[in-house]
Structure formats: structure tokens, C-alpha cells
Amino acid sequence: MNEQRLQAYLNLINALLNCPSGEESEILNANRELVDAGLVETMAKEAEMLSQRGDENAANYLIDVARQLAEALGLSSSSQLDFLLTVLQATADSNGDPQVVYPLLKENLDKIDDKLAVVLEEWATAKLQEVESEIAQSIAADIGNFSNRIQQLPLGNRDSNLEIAITGYNVVLTVYNRQDFPKNWATTQNNLGNAYSDRIIGEKAENIELAIKCYQQALQVRTHEAFPQDWAMTQNNWGNAYSDRIQGEKAENIELAIDCYKQALQVLTREALPQDWAGTQNNLGTAYSDRIKGEKAENIELAIDCYQQALQVLTREALPKNWATTQNNLGTAYSDRIKGKKAENIELAIDCYQQALQVRTREAFTQNNAETLLNLGIAYQEYRQFTAAYNTFVSAIETVELLRGNIVSGDEVKRKHSQEWNQLYLRMVEVCIELHNYTKAIEYADRSKARNLVELIATRDLYPKGEMPEEVRNELQRLKAEINLESRRLANSETRFLQETGFLGEDTIYINELRERYNQLLPFKPIQFNDIEKLIDERTAIIEWYITNDKFLAFIITSDPPLTPPSKGGEQESEPPLLRGAGGIAIWQSTPKDLESLQNWANEYLNDYTQQYPSWLIQLPQRLTQLAEILHIDEILSQIPSNCEKLILIPHRYLHLFPLHALPLKVPPSPGDLEGSEVPPLRGDLGGFLLDRFPNGVSYAPNCQLLQQAQNRQRPNFQHLFAIQNPTADLDYTDLEVATIQQHFDPSDILANTAAKKDAISNALLRNPHCAHFSCHGYFNFASPLQSALLLADSKQPDGDIDLQKCFTLEDIFTSNFSQCRLVTLSACETGLTDFTTNSDEYIGLPSGFLVAGSPSVVSSLWRVTDLSTAFLMIKLYENLQSQTSVPIALNQAQIWLRNVSKKEFIQWTNCLNLGNNWIEEIQAKLEVFNLDDAPFAHPVYWAAFCAIGQ
């Protein structure tokens with residue numbers, strides 16, 4: 001630290017020590033350029049000196065101010081800075097000895113999180129600027145060694161450990177440049193590449209590209225001639241990155257990986273470096289397994305040969321972890337093998353996986369245990385040993401959910417975790433159906449969906465402020481740390497113990513007890529089928545879709561027994577489309593051709609919507625007819641008893657994007673189906689639609705568990721309205737819409753036009769409204785769903801860009817409080833869209849935000865809706881809600897009314913609303929192209945966009 005800045009810090013500290021109480025903020029604001037990690041560090045040192053001189057009051061005061069500044073700067077607390085300085089000193093004293101550094105890290109797992117990366121960057125940036133060059137080099141070396149240790153740390157949160165390491169390596173590169181320190185620079189680039197390769201935060205494709213760039217940089221110095229062994233190791237790492245690469249052609253990337261491994265093996269020979277040779281052989285085998293170029297059969301044989309060679313060195317006695325990894329990979333190669341008899345190859349694969357699991361235990365290597373269990377379960381499934389497959393998948397799911405419970409870094413990591421493991425749940429559903437265990441199939445299908453959303457809502461409902469009490473959170477952290485420490489202890493002692501017994505005995509019992517105590521504190525428990533049955537009565541049915549590898553399923557759940565005789569399922573040569581379980585369970589399953597048709601239909605629909613909107617609009621009715629045929633909706637509905645008047649739809653993945661309630665039916669409902677309901681009869685020139693079949697409403701839910709949560713939210717009051725009204729001042733009928741709806745409420749808080757700002761929303765929500773109505777623009781951000789938003793005042797820039805800081809984004813919604821709302825209505829465009837760009841089973845969209853924020857019901861749209869039709873659909877919705885409490889019924893009745901109403905009837909109705917002559921004249925002008933008997937809103941684009949989600 002240069003003398004001038006140190007003196008400035010000391011002057012500021014002196015001013016704080018001598019200022020009247022309450023003036024600290026003013027002094028700090030006047031010296032903002034000095035408020036950084038360096039000031040916090042100087043305060044800590046001064047506090048220590050004051051304490052040594054006996055001035056405890058002044059020392060405690062400085063410590064308190066330093067702690068508050070650290071929090072404000074994102075340094076978490078001064079204790080994290082103290083820990084960082086301690087561990088860096090230990091790293092320096094021991095030259096990064098793991099036996100010295102790791103115990104210190106183990107004892108401080110609570111301080112190793114994403115904020116520690118910020119602490120490291122802030123402190124190092126300030127420190128390296130203030131010291132002489134030689135000292136800066138020494139500090140950089142210590143940070144590099146510390147980054148190596150934290151990157152390899154098997155405890156705590158893997159994603160946080162990697163972020164800290166990446167931060168450390170980047171700090172080191174500010175000191176070790178290529179010109180002055182070429183070898184150190186290249187080593188750090190290589191290590192940084194490894195960290196980016198393993199990185200969890202951010203986009204995988206981008207991280208791999210960053211890793212490849214680092215390796216390319218390192219190889220500019222690490223040449224074959226100058227540093228052959230380092231060159232070979234970086235070649236190996238480079239090959240791993242190409243193997244994982246997402247950008248570019250897969251075939252080309254695999255060839256590049258194979259070339260890298262072969263280059264590395266020129267130096268990494270079995271004679272000179274047997275362990276490194278074996279590791280690279282293993283990697284080369286994996287590349288051959290994934291190879292696209294050439295004959296598949298030949299590539300698999302090359303892979304098997306590589307693995308078998310590697311196992312000559314990677315023995316269980318010497319290197320159990322590496323041995324188990326290669327056994328797992330060899331099993332995968334046997335599973336894919338074409339040469340020889342399939343049954344024999346599967347048996348070889350099963351044997352390899354079982355051997356690997358002797359080392360890859362849940363206690364010792366949790367992630368690896370899940371991976372191998374999944375592979376073993378798939379092998380059993382392909383071998384048609386379905387009971388063994390089921391038991392293996394049960395164990396795998398227990399491990400995967402344990403891994404999920406260890407994630408504390410945020411929703412992004414949990415979403416990626418769900419995406420990584422959805423294949424496991426999918427396979428489990430398939431196996432349950434083969435075993436005719438249909439209730440378990442439904443449970444696991446539902447369990448895989450919207451897991452993150454369910455957990456967020458469970459936590460929010462159990463702890464209304466959205467945060468666990470400190471004592472619960474601390475106990476969870478303590479148990480998690482103990483579980484991690486115990487797991488590592490078992491991993492260290494596994495070799496001898498496994499050789500003798502093959503299992504972990506009493507140690508396993510203890511660690512499982514810890515996990516059970518941990519799980520008992522969590523608010524989330526998977527829903528069981530008996531609880532799913534309680535969600536419906538004799539007049540309600542559920543259709544839950546699930547898309548597998550080669551078909552899609554529709555689980556039909558009712559209270560009544562089957563309408564058709566049960567089928568024998570997999571015992572027949574060809575599977576029947578309908579399977580029957582006990583009670584009111586039926587499973588309709590498609591053919592592979594149906595799934596292909598559905599995927600093609602969905603791609604064309606979404607492509608036209610995003611790229612050719614006019615074409616999408618014109619073809620919408622025809623496309624919905626095609627979708628009804630592809631989904632075989634009439635066949636599915638034939639299994640629902642005629643007395644069912646309410647339907648709950650639970651889509652899967654991209655099915656969330658389509659108006660399933662607007663699917664046309666081949667046979668219109670009979671007059672008897674509508675008897676006693678307030679739904680008007682169908683017009684003679686229109687066919688029946690799905691929502692016409694169920695007079696008590698068609699609603700949606702992300703899964704049964706979320707439906708259960710919504711039903712548990714009792715919101716009897718519906719008097720207080722909060723509304724956002726036309727904040728961008730470019731919606732012609734929004735003012736009319738909100739003014740008319742407002743008449744049904746007292747009191748009402750309306751944020752109109754320029755008053756509709758983010759801060760004003762927060763203030764309005766403090767009054768706990770019963771209904772929130774957003775009449776504005778909305779959009780879904782396919783590239784970054786959390787930045788999907790409702791546009792507020794001043795959010796549109798003159799150049800047409802959107803200022804997200806002035807929008808009500810999905811991230812904002814998650815942290816808002818709608819706990820007294822019975823209904824949130826999103827009268828805007830694209831508010832019901834969800835992320836379909838991945839194969840994740842998560843449900844990410846604006847409705848999910850409002851469900852987490854407290855509302856049991858959300859009405860949202862699936863496309864860019866028109867202002868006129870939307871305004872009157874909303875007016876009719878709220879008119880219907882005055883006579884009954886069900887949101888789905890009120891919405892469906894409004895939709896049927898809008899679809900069927902003639903121009904004459906519509907004008908008569910608007911006249912009764914007392915809108916005023918100007919509005920009446922404008923509406924009539926809009927409709928002048930229609931005859932009096934025409935239905936101007938019959939096209940589904942006008943009435944079908946909105947869905948009722950939740951209760």
C-alpha cells in the first residue's frame with residue numbers, strides 16, 4: 001500500500017473515531033473513493049493496535065464499522081477477510097502443502113462461498129497495487145497455490161470453490177504476465193483452463209470456450225521442445241475441453257480431442273509416466289466412445305482397448321478412484337458395443353458398473369455414485385431386468401437428491417442440476433410402467449417437474465418472509481458441514497476398508513443419520529400418490545403429460561374406476577396405447593412416430609411464432625387441429641367419466657407453451673354436458689373445444705405438488721385491487737379495461753401511466769391487495785428467462801431498447817410479496833411463456849414468480865395478444881368473478897363468450913357497461929367490417945391465449 005493512500009485511510013479512520021455519533025455515514029459518503037477492501041483491512045489492523053494499547057472501546061467501534069463496510073461492499077464480513085488472510089499465510093508458510101491447507105479449509109467451510117471470491121478480488125487488487133514488485137510476486141504465488149487447493153477441494157460447494165479459484169487465477173495473471181514470467185503465466189493459464197472446464201456457474205458452452213482459449217495460451221509457452229511434460233499435460237487438458245465442447249460440429253471436436261490425446265501420449269508413456277499415461281488412455285477411450293467419424297463398432301473396440309490398457313496401471317489397490325472411473329467408462333463402452341452378443345456385452349457392462357460402485361460409494365464419491373448408478377440402471381433396463389433397474393434407480397435418485405440438497409449457491413445451479421439428471425427420472429418412469437407400477441410412475445414423473453419452484457414455494461409458505469429462521473439455517477449449515485467432513489474422512493480411509501469388507505458398515509449408518517436429520521429440517525417432501533388423489537373429487541380429472549425418450553405419456557387420474565378393460569401392457573408383442581392401473585388411473589402412451597410428429601409440430605409452431613408471426617397467426621386454427629390429432633386428445637378424453645366437469649392439465653416441457661384448453665374436439669359436447677352450467681350453447685358453425693367439455697373449468701399446473709401447495713393457500717378476501725395501468729401510454733384500451741374492472745373493488749390502488757414505477761409497486765404491495773392486475777406490455781426473454789419482464793413507466797427508451805432496471809422482472813417478482821393475493825392477472829403479451837430452450841423439467845416463467853411470491857392463481861398469456869380483445873376478455877373475467885370464486889370457470893366462461901359473441905350482442909353488452917359515447921363509437925368503428933351476426937373474435941388468437949395456472 002503506498003504511503004499516500006495509507007495516510008488517507010488513517011485520516012478517515014481518525015475522523016470516524018472522533019466524529020459525533022450518527023455522522024459516520026456523512027463522513028464515509030464524502031470519502032467514497034477510500035471505501036474499499038483496503039480500508040476494511042486497515043481498520044482491522046488499527047483495531048488490533050488499539051486493543052493492544054488497552055483502548056477496547058475504540059477497537060470494538062472500529063471492528064463494528066469494518067464489519068458493516070464489509071457487508072456493504074459484498075465482502076460478507078470481516079471474518080471472511082480474516083480467514084482469507086489466515087489461509088493465505090498458511091499457504092505461504094507451507095508452500096501450499098495440502099496437509100496444512102486442507103484442515104484449515106475444512107474448519108471454515110461456512111466462510112467458503114461466492115462472497116469469498118469477492119473478498120479475494122477486492123483485497124488482492126488493493127494489496128498488489130500498494131506493494132513492491134517482489135512482494136507482489138510472492139503474494140501472487142501464494143494466491144495461485146491457494147487457488148490450486150480450493151479448486152481441488154472435495155468439500156463444501158463445488159460451484160463456489162471453482163469461482164474462488166477462477167478469481168484467484170485471474171488475480172495471479174495481473175502479476176505474472178507472459179513477457180516477464182512466461183512459465184508462471186503458462187502454468188496459471190493451464191490451471192485457469194481446468195477451472196473453466198469444470199465451472200458450474202454460467203453457460204457451459206461459454207466456459208468451455210474460455211478453457212480452450214486458456215490452453216491455447218498456455219501452449220504458446222509450454223512447447224514440446226521446451227517443456228515436454230507440461231506440454232503433454234496441457235494437450236491432455238485441451239483434449240478434455242474439446243470432448244466437452246458444445247460450439248461447432250461435434251464430430252470435428254471429437255477428432256480434435258483424439259488428436260490432442262495422441263499428441264500427449266508421445267510424451268506420457270507407460271514407462272516414463274505410467275499414471276499420466278493411463279489417465280490419458282482413459283480419456284482417449286472416452287473420445288473413441290463418443291466418436292462420430294468412422295465405423296461405430298470399430299470406435300467402440302478402440303475405446304475398450306484403451307480402457308483395458310489403462311486398467312493395467314490404474315489398479316484398485318494403488319489408485320482406487322481412478323480404477324473405479326475407468327471401470328465405469330469400460331461399462332459404458334460394453335453397453336454401446338456392437339460386436340458380439342448384446343446380452344453378453346450388457347452382462348460385462350453390469351459387472352464393470354458393480355465393481356466401480358465398490359469404490360464409488362454415496363458416502364465417498366457422491367456425484368460419481370449417482371453417475372454409475374444411472375449407468376447400471378440403464379443397463380438393467382436394456383437387459384429387461386426391470387426390478388433390478390427399479391431398485392438401482394431408487395438408489396440413484398436418493399443420491400441425486402442428496403446432491404441437490406447440498407446446493408446453496410442459487411437457483412441457477414439447481415436448474416442445471418435438474419437438467420443434468422432429468423434422464424434419471426425419465427428412465428425411472430419407463431421402468432415403473434414396465435413393472436405395471438403406475439402409481440410410482442406418476443409419482444416420479446411429477447417429482448421430476450418444477451422441483452426448484454416447489455422448493456421455493458414450500459420455503460416461502462413455511463417461512464413467510466422467504467427466509468429460514470437463523471437457528472434452522474445454522475443447524476442445516478452445521479449438519480451439511482459435518483456430512484461433508486464425514487464423507488471426506490470415509491473417502492480417505494476407503495481403500496483398506498473396502499478391500500476387507502466391500503462396504504462402509506457403521507460409518508454408513510452414522511452419515512445416513514446425519515442426512516436424515518438434515519432432510520427433516522427441509523420444508524420440501526415429494527408428493528405421494530395418495531396425496532395426489534386428494535387433489536380431486538368425483539367431478540374432477542387430471543391429465544398429466546410426460547415426454548420420454550421415444551414417446552409421450554398422458555397420465556389420466558380420476559376418482560372413478562376404468563372405463564375400459566385393463567390392458568396387459570408389456571407382455572404383448574406391441575404395446576397398447578392404453579394401460580390401466582388400480583382405481584382411477586389410466587396411462588395413454590403414444591408411438592415413437594407420434595412423438596416425432598409432436599416435436600416437428602412444436603418446432604414449426606415456435607419457429608413461425610418467433611420468425612414469421614403473420615404465418616403463425618393465419619395457421620393457428622389449423623395447427624391446433626393438428627395438435628389435437630397428434631396428442632390423440634379425443635382418445636384421452638374418452639377415459640374421463642362423463643360426470644367430470646373440471647379438468648386440470650399438467651403439461652411437460654414445451655407443452656406448457658400451447659393452448660391445450662383450446663384444442664378442437666372431433667365430437668362437440670352434447671347439450672346434456674352443458675346443462676346446469678352458465679356456458680352458452682355452441683354456435684352451429686363452430687366445433688367443440690376442450691374447455692367446452694368441462695363447465696367447471698380447465699386449469700393448468702406445473703405439477704401436482706405445486707397444485708397441492710396452491711390449494712393449501714386459502715385467500716377468502718377479494719375486495720382490494722392493485723393494478724398497473726398502461727405505464728408506457730401506448731395501449732389504446734388499457735385505460736378502459738382498468739377503469740371498468742376497478743368498479744368491482746373497494747379499495748383500489750391504481751398506478752397509471754407515469755406513476756407505474758418499480759418503487760411504487762413495492763409501496764402498494766405493503767397494503768396487501770387481494771387481486772393484482774397488470775395491464776401493460778410484457779415479454780419473455782428466451783435467452784435469459786430471469787430477465788423476462790412486465791414493462792413499467794420509463795422502461796422504453798427512445799431508441800426502442802428496454803431498460804431492465806425500470807421493469808418488473810421475474811427476478812423482482814420472486815422477491816416481492818403477494819401473500820394476500822387470491823389472483824394475479826397478467827393482461828399483457830407472452831406472460832405465460834416458459835423456457836423451452838433446454839430439456840430441463842423446471843418451470844421458469846413470469847407465472848412461477850407470482851406463485852413463489854404468494855398467489856395461488858395466475859392468469860397469463862401464451863402469445864402477443866391484441867389490445868381490444870384482451871381488454872374485453874378481462875372485463876368479462878372480472879364480471880364473472882363477481883358471481884363465483886373459481887378463476888378457471890370465470891376465465892373459461894369469458895373465453896367462450898368472447899369466441900361466440902356476435903357483433904350485435906357485443907355492442908349491446910358494451911352499451912350496458914356505460915363506457916361513454918366516445919368509447920362506444922370507437923369500438924363500433926373497429927368492428928364495422930363485420931356483419932351484425934358475425935363473431936368478430938372467433939379466431940383463437942383473440943380468446944385462447946390466456947390460461948389459469950394454479951388453484
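**Close-up views of a predicted model**

**View 1. Asn726, a buried residue with positive phi.** With a relative accessibility of 3%, Asn726 counts as buried in this predicted model. Asn726 sits in the loop between strand E7 (721-725) and helix H32. Its phi is near 50°, a positive value for a residue that is not glycine.

**View 2. Asn753, a partly exposed residue with positive phi.** Asn753 also stands out for its backbone: phi is positive, about 55°, although the residue is not a glycine. Look for Asn753 in the loop between strand E8 and helix H33 (758-765). Here the relative accessible area is 28%, so Asn753 is partly exposed.

**View 3. A cis peptide bond at Pro747.** Asp746 and Pro747 are joined by a cis peptide bond, with omega about 5°. Pro747 belongs to the loop that runs between helix H32 (734-742) and strand E8 (748-752).

View 4. Arg149 is found in helix H8 (residues 133-152).

View 5. The whole structure holds 24 salt bridges, and one of them joins the side chains of Lys127 and Glu130 at 3.5 Å, N to O. Lys127 is buried, with a relative accessible area of 16%, and Glu130 is buried at 15%.

**View 6. Asp730 and Lys796, a salt bridge between two loops.** The side chains of Asp730 and Lys796 form a salt bridge at 3.0 Å, N to O. Asp730 lies in the loop between E7 and H32, while Lys796 lies in the loop between strand E11 (789-790) and strand E12 (808-809), so the pair ties together parts that are 66 residues apart in sequence. Asp730 is partly exposed, with a relative accessible area of 36%, and Lys796 is partly exposed at 40%.

**View 7. Asp812 and Lys758, a salt bridge between two helices.** A salt bridge of 3.0 Å, N to O, brings together the side chains of Asp812 and Lys758. Because Asp812 is in helix H34 (residues 810-814) and Lys758 in helix H33, the pair ties together parts 54 residues apart in sequence. Asp812 is buried at 18% relative accessible area, whereas Lys758 is partly exposed at 23%.

Terms used
Residues are numbered from 1 along each chain as its sequence is written. This is a predicted model: local features need pLDDT of at least 70, side-chain atom pairs count only at pLDDT 80 or more; totals for chains, interfaces and linings use all residues. Side-chain values use heavy atoms; hydrogens and water are left out. Helices (H or I, at least four residues) and strands (E, at least two) are DSSP runs, numbered from the N terminus. Buried means under 20% relative accessible area, exposed over 50%, partly exposed in between (1.4 Å probe, protein chains only). A salt bridge is a side-chain nitrogen of Lys or Arg within 4 Å of a carboxyl oxygen of Asp or Glu.
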